[in-house]
Amino acid sequence: MKVEQIQDMGFEHVGYLRVSDESVDIDVPNKDTRGMVYVWVHDNEVKYLGKAGKGVRKRLKEHKSGFGGGSETGKKHFARMREEGINELGIWARVSETATMTFNLFGETITKEVSLESEEEEFLLENYEFA
């Protein structure tokens, strides 16, 4: 998937993830805490798709912790970037659609606006190819 395709879907460039031999630097000024889907882009090609329930900046900080050994998946992502010689990834994101839901919770009827980032991520993974 190319940058032009994600731009057509409403994704906007929100920052960078920079990788060195030993560390990861996150430069994402976007402090929006709404649910989002986001991608990592290198050489105009989408390398990774994820969801961020509390905003992309917070989610990338979690990735950074994982790269440092906080998770097996994080260590694999970091190793893959190093193997491919990737020093910088562009971060693109879009605020996810929402739906109003009414449900019963412990005997109370609740109406709430719910972010659809999980559904959007699932749709994109099922319908598009990522490098």
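Biologist: Which residues have the most contacts inside the largest nonpolar core?

Modeller: Please keep in mind that this is a predicted model. As a general idea, nonpolar side chains tend to be buried together in soluble globular proteins. Here the largest nonpolar core has 20 residues, and those with the most contacts inside it are Leu17, Tyr38, Trp40, Val56, Leu60, Met81 and Ile91. The elements that give two or more residues to this core are the strands β1 (12-19), β2 (24-27), β3, β4 and β5 (88-95), together with the helices α2 (56-70) and α3. Apart from it lies another core, of 11 residues, among them Met1, Ile6, Val37 and Trp92.

Biologist: With which residues is methionine 81 in contact, leaving aside its neighbours within four places in sequence?

Modeller: Methionine 81 is in contact with Leu17, Val19, Trp40, Phe67, Ile86 and Leu89, once those neighbours within four places are left aside. Met81 is also one of the buried residues of α3.

Biologist: How is helix α3 to be read, and which of its residues are buried?

Modeller: One may begin with the span of the helix. At 1.5 Å a residue, the 12 residues of α3 (residues 72-83) should span 16 Å, and the end C-alpha atoms are 16 Å apart, which agrees. The buried residues of α3 are Gly74, His77, Phe78 and Met81. These four lie on the same side of α3, because they cover an arc of only 95° around the axis. On the other side of α3, Glu72, Lys76 and Glu83 are exposed. Just after the helix, glycine 85 takes a positive phi of about 70°.

Biologist: Which residues have a positive phi although they are not glycines?

Modeller: Aspartate 43 has a positive phi of about 50°, and asparagine 44 has one of about 70°. Aspartate 43 is found in the loop between β3 (36-42) and β4 (45-52), and asparagine 44 has its place in the loop between β3 and β4 as well. As for accessibility, aspartate 43 is exposed, with a relative accessible area of 67%, whereas asparagine 44 is partly exposed, at 31%.

Biologist: Is valine 41 buried or exposed?

Modeller: Valine 41, which is found in strand β3, has a relative accessible area of 8%, so it is buried. Leaving aside neighbours within four places in sequence, valine 41 is in contact with Val3, Ile6, Val46, Glu88, Leu89, Gly90 and Trp92. Sequence separation and spatial separation should be read side by side: valine 41 and isoleucine 91 are 50 residues apart along the chain, and their C-alpha atoms are separated by 6.3 Å.

Biologist: What separates the C-alpha atoms of valine 114 and leucine 125?

Modeller: These two residues are 11 residues apart along the chain, and their C-alpha atoms are separated by 21 Å. Valine 114 has its place in strand β7 (residues 108-115) and is partly exposed, with a relative accessible area of 24%. Not counting residues up to four places away in sequence, valine 114 touches Glu97, Thr98, Ala99 and Met101.

Biologist: Which side chain of opposite charge is nearest to glutamate 117?

Modeller: It is that of lysine 51, 6.4 Å away. A salt bridge requires a side-chain nitrogen of Lys or Arg within 4 Å of a carboxyl oxygen of Asp or Glu. Glutamate 117 is buried yet has no salt bridge. This residue is found in helix α4 (residues 117-127). Not counting residues up to four places away in sequence, glutamate 117 touches Gly35, Met36, Val37, Lys51, Ala52, Gly53 and Ser96.

Conventions
Residues are numbered from 1 along each chain as its sequence is written. This is a predicted model: local features need pLDDT of at least 70, side-chain atom pairs count only at pLDDT 80 or more; totals for chains, interfaces and linings use all residues. Side-chain values use heavy atoms; hydrogens and water are left out. Buried means under 20% relative accessible area, exposed over 50%, partly exposed in between (1.4 Å probe, protein chains only). Lys and Arg count as positive and Asp and Glu as negative; His and the chain ends are not counted. Contact means heavy atoms within 4.5 Å. The expected span of a helix is 1.5 Å times one less than its number of residues. The arc is that of the directions from the helix axis to the C-beta atoms. A nonpolar core is a set of buried Ala, Val, Leu, Ile, Met, Phe, Trp, Tyr and Cys residues joined through side-chain atoms within 4.5 Å.
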